[in-house]
Amino acid sequence: MPGNLVTSEFLVNVDHERCRRCKRCILNCGFGVFDFQNMTTADSSKCVACHRCVVFCPEEAITITRNPLAFREHSSWDVDKRKAIWKQAQNPGMILTGMGNDLPWLNVFDHLLIDACQVTNPSIDPLREPMELRTFLGRKPDSLKVERSNGEFKLDTKVGNNIKLDIPIIFSGMSYGSVSLNTHRALAIAAEELGTVMNTGEGGLHRELYPYRDHIIVQCASGRFGVHSEYLNAGVAVEIKVGQGAKPGIGGHLPGEKIGREVSSTRMIPQGTDALSPAPHHDIYSIEDLRQLIYALKEATGYKPVSVKIATVHNVAAIASGIARAGADIIYLDGFRGGTGAAPAVIRDHVGIPLEIALAVVDQQLRSEGIRNWVSIIAAGGIRSAADVAKAIALGADAVGIGTAALIAMGCRLCQKCYTGNCSWGIATQKPELTGRLDPDWGAERLINLVNSWSLELKEVLGALGVNAVESLRGNRERLRALGLDQSTMDILDVKPAGR
Amino acid sequence: MSKLAFGDQYRTWKVDTEKVPAACGLSGVISEDGNRMSGDIIIESMRVIHDRGNGLGGGFAGYGIYPGDADKYAMHIMFEDAAGKAACEAMLEDELEVASSEEIPTAPSDAIVNPPLLWRYFVLPRGEKVKASGLADDDFMVRLVMRINTTVPGTFVFSSGKNMGVFKAVGFAEDVGEFYRLAEYDAWTWIGHGRFPTNTPGWWGGAHPFNILDWAVVHNGEISSYGINKRYLEMFGYECALLTDTEVMAYLFDLLIRKHELPLEVACKVIAAPFWKDIDVDKDAAEKELYESIRMVYSSALVNGPFAVIVGYSGGMFGLNDRIKLRPLVAATKDDRLYVSSEESAIRQICPKPEKIWAPNAGQPVIGQLKGDV
């Protein structure tokens with residue numbers, strides 16, 4: 001009987017007339033597709049379409065195509081479903097995947113349109129006039145007390161610790177372990193240069209990156225990997241990771257093969273052991289437990305802002321309100337398109353709700369309770385462009401987090417095989433022969449270029465809207481219109497249809 | 001000019017209207033010594049800038065006009081019909097001691113058509129009702145005004161302050177002033193407005209000034225940040241029923257100055273916030289912290305987009321431009337008077353030889369303060 005019923009997704013073709021037999025493809029492929037027997041051969045069944053070989057082939061001799069193999073069409077049994085069954089029938093277990101939800105669910109961002117000024121109010125040219133993106137993350141008082149004395153004004157209210165960002169874009173948490181140290185290095189260098197922050201993810205922070213402490217949010221997740229008092233103070237804020245958009249309700253699993261010496265010492269676990277983060281925090285079984293951890297972390301850090309990261313699930317508004325009342329300073333909403341290094345496909349693709357909707361209801365809930373100033377909202381999980389940034393801010397986000405977009409900037413092709421540890425681009429891997437491929441300075445430069453480009457675009461949008469500060473777009477749903485959304489979704493988003 | 005009857009205007013506004021952009025002409029004058037001036041002065045000033053309005057709204061506010069009832073809230077209310085009036089009066093009787101009421105005197109003219117019923121009531125909140133509400137008198141009145149304006153059909157409270165009154169209508173400003181016989185009122189502060197709305201029929205209630213308690217705001221501009229300013233105010237119980245920029249401005253001043261007790265100049269720095277580039281280079285550390293705190297805490301109250309406003313309140317009058325001065329505003333002084341207007345001509349019409357006349361800088365308020373008790 002045949003061992004494998006799953007046919008190749010892609011076909012790799014080497015043009016032997018062009019091929020100079022330089023073997024770069026063999027060296028570059030992290031998945032072992034290529035071999036050399038008198039000439040270059042390719043095992044298409046291993047190809048994930050990460051394009052590393054294509055980009056590095058000096059002769060453009062390699063082409064990768066989708067396997068045109070015909071299947072009898074069936075609108076219910078699409079090919080991916082059939083393949084999943086063949087895989088599970090052969091090897092019992094969950095189907096693993098990487099990056100964010102890839103199913104064609106309705107993308108709300110793509111059904112929102114942004115306003116602009118004409119005649120009755122002037123648009124503003126961001127190349128000629130100041131256009132302000134500065135953003136503060138953290139708790140703010142509801143009002144200020146200002147006394148007048150001898151013609152001077154005296155401020156009697158102290159605004160607590162906030163994180164000052166030059167731009168409303170931060171780098172989302174991606175753990176050292178799931179991604180390489182060079183990836184962390186690139187993110188840290190870029191965050192510093194851009195005047196923003198990176199988030200460590202749940203794997204601790206390599207000591208080499210402590211000098212970037214003014215641009216780092218350290219994460220404390222259910223596994224407590226790498227959490228110690230020095231680490232907690234190695235950033236501007238601490239984030240309690242309750243959930244992740246790609247895998248709400250479940251923990252993480254970093255296989256032992258990824259736990260080498262450096263990851264081991266950073267995470268404070270033995271080399272070669274699997275790093276399993278429990279599904280819940282075992283000291284947080286209710287909201288009052290969360291409050292205790294929030295305040296324990298504040299005590300440990302001299303009252304730096306504490307962020308709580310949750311996946312956007314059905315009841316997200318009430319949960320967010322509880323988090324705000326539990327003392328959090330930042331709520332990090334990770335939408336169901338958020339990325340991951342590894343998740344069961346059944347969870348990634350079917351659990352949670354879209355960021356856009358969660359963001360709208362959380363912002364509104366906090367407003368209707370009059371506690372919106374208590375917390376900042378970071379929206380992440382599905383931010384793909386400056387347009388998404390603008391729309392997320394208009395829906396109510398103080399800032400957005402980007403993870404997948406940052407990795408794509410550094411070469412990631414979204415092959416979704418992060419969990420294999422074979423990343424040919426040196427990002428989601430710990431193999432020394434692969435991690436060396438990502439030069440942190442090169443990566444940082446590309447991140448800086450990307451975020452600066454989005455900042456320019458965001459400024460252009462603000463100028464077209466006739467405002468010169470990002471806070472005038474924040475929560476300003478009046479400047480959005482929906483095209484092709486149903487009435488109840490528009491009601492939930494608090495956005496009118498185009499034309500009204 | 002709108003030919004719709006008041007009730008139709010009202011329904012059109014309430015049902016079909018989204019946020020209404022408008023451009024306008026403004027003028028205001030205050031005697032800081034508290035010398036009262038007849039309403040003629042503001043009508044004459046507004047007449048010169050007739051072309052800045054289009055006949056779809058004009059209005060005025062005068063301060064010090066009801067010296068005999070200065071301790072009571074003067075509610076000016078427009079009704080579509082007797083039924084609305086009866087429903088509203090029942091609500092007033094329930095919540096308030098109504099000391100006196102009368103029809104607001106008008107001089108009917110061809111220039112002002114389809115007027116609603118216009119009445120004024122001098123009232124005080126009933127003690128037991130205020131006590132039960134747990135609110136201060138002013139907040140009690142704010143809540144009542146919001147309730148009437150959002151729940152009683154065809155009824156609109158357009159003035160609710162003490163010893164002041166708003167007079168407004170669909171028409172050109174000077175015609176509105178004559179319709180309300182403003183020459184017969186004496187005030188130490190007058191502000192006036194001619195409206196040029198760009199996409200709706202005019203509506204009596206939608207003319208300026210907008211008022212809540214003793215705040216009266218006339219406004220030229222379109223607030224590009226309207227959506228967030230409105231949602232910010234809703235957190236504090238303000239309902240922006242009229243969907244106009246100017247209403248937002250009035251409530252913001254009420255919130256910042258009356259409820260948060262910010263000094264007027266500081267409230268202006270919230271609404272027309274200084275730029276970070278200027279805050280960053282401020283050498284005075286305390287001032288820097290003040291402005292940084294303002295921008296952090298009140299980011300949703302920053303009013304962005306082109307505006308010039310003149311605001312009347314019990315303590316005086318001030319003019320303010322947006323942070324990059326996208327709408328005209330001119331100020332002048334002579335003797336005890338401060339003049340603020342969209343155009344120099346409107347000032348020179350009533351003060352041909354001012355001692356000083358200037359264009360205030362972006363975001364810098366021009367404040368005329370009433371001296372002592374008047």
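You're working with a predicted model, in which local features need pLDDT of at least 70, side-chain atom pairs count only at pLDDT 80 or more, and totals for chains, interfaces and linings use all residues. Residues are numbered from 1 along each chain as its sequence is written, while chains are lettered from A and ligands numbered from 1 in the order in which they are written.

**Exercise 1.** Work out how many residues of chain A and chain B take part in their contact.

*Solution.* Start with the rule: two residues are in contact if their C-beta atoms, placed from the backbone, lie within 7 Å. Counting this way, chain A brings 38 residues and chain B brings 35 residues. Next, look for the elements of chain A that give two or more residues to this side: they are β8 (146–149) and β9 (152–155). (Strands are DSSP runs of E, at least two residues, numbered from the N terminus.) Finally, sort chain A's side by type: 13 nonpolar, 12 polar and 13 charged. Here Ala, Val, Leu, Ile, Met, Phe, Trp, Tyr, Cys and Pro count as nonpolar, Asp, Glu, Lys and Arg as charged, and the others, Gly among them, as polar.

**Exercise 2.** Find the domains of chain A and say how far apart their C-alpha centres lie.

*Solution.* Take the bounds first: domain 1 is 10–70 and domain 2 is 163–497, with bounds that come from an automatic or database domain assignment. Then the distance: the C-alpha centres of these two domains of chain A are 35 Å apart. Now for the touching residues: 9 from domain 1 of chain A meet 9 from domain 2 of chain A. On domain 1's side, that's 5 nonpolar, 3 polar and 1 charged.

**Exercise 3.** Trace the open sheet of 3 strands in chain A and name its edge strands.

*Solution.* Two strands pair if DSSP finds at least two bridges between them. The order is β6-β22-β23, with mixed pairing. β6 (112–114) and β23 (496–497) of chain A each pair on one side only, which makes them the edges. Zoom in on β6(A) and β22(A) (480–482): they're antiparallel, with 3 bridges, and A:L113 has A:R481 as its bridge partner.

**Exercise 4.** Explain why β4 of chain B is largely enclosed.

*Solution.* A residue is buried if 20 or more other C-beta atoms lie within 10 Å of its own. In β4(B) (73–79), 7 of the 7 residues are buried, so the rest of the structure largely encloses this strand. Check its faces: B:Y73, B:M75, B:I77 and B:F79 are buried on one side, and B:A74, B:H76 and B:M78 on the other. Last, the neighbours: β4(B) runs antiparallel to β6(B) (117–125), with 7 bridges, and to β7(B) (155–159), with 4 bridges.

Note on methods:
A residue is buried if 20 or more other C-beta atoms lie within 10 Å of its own, exposed if 12 or fewer, and partly exposed in between; C-beta atoms are placed from the backbone.
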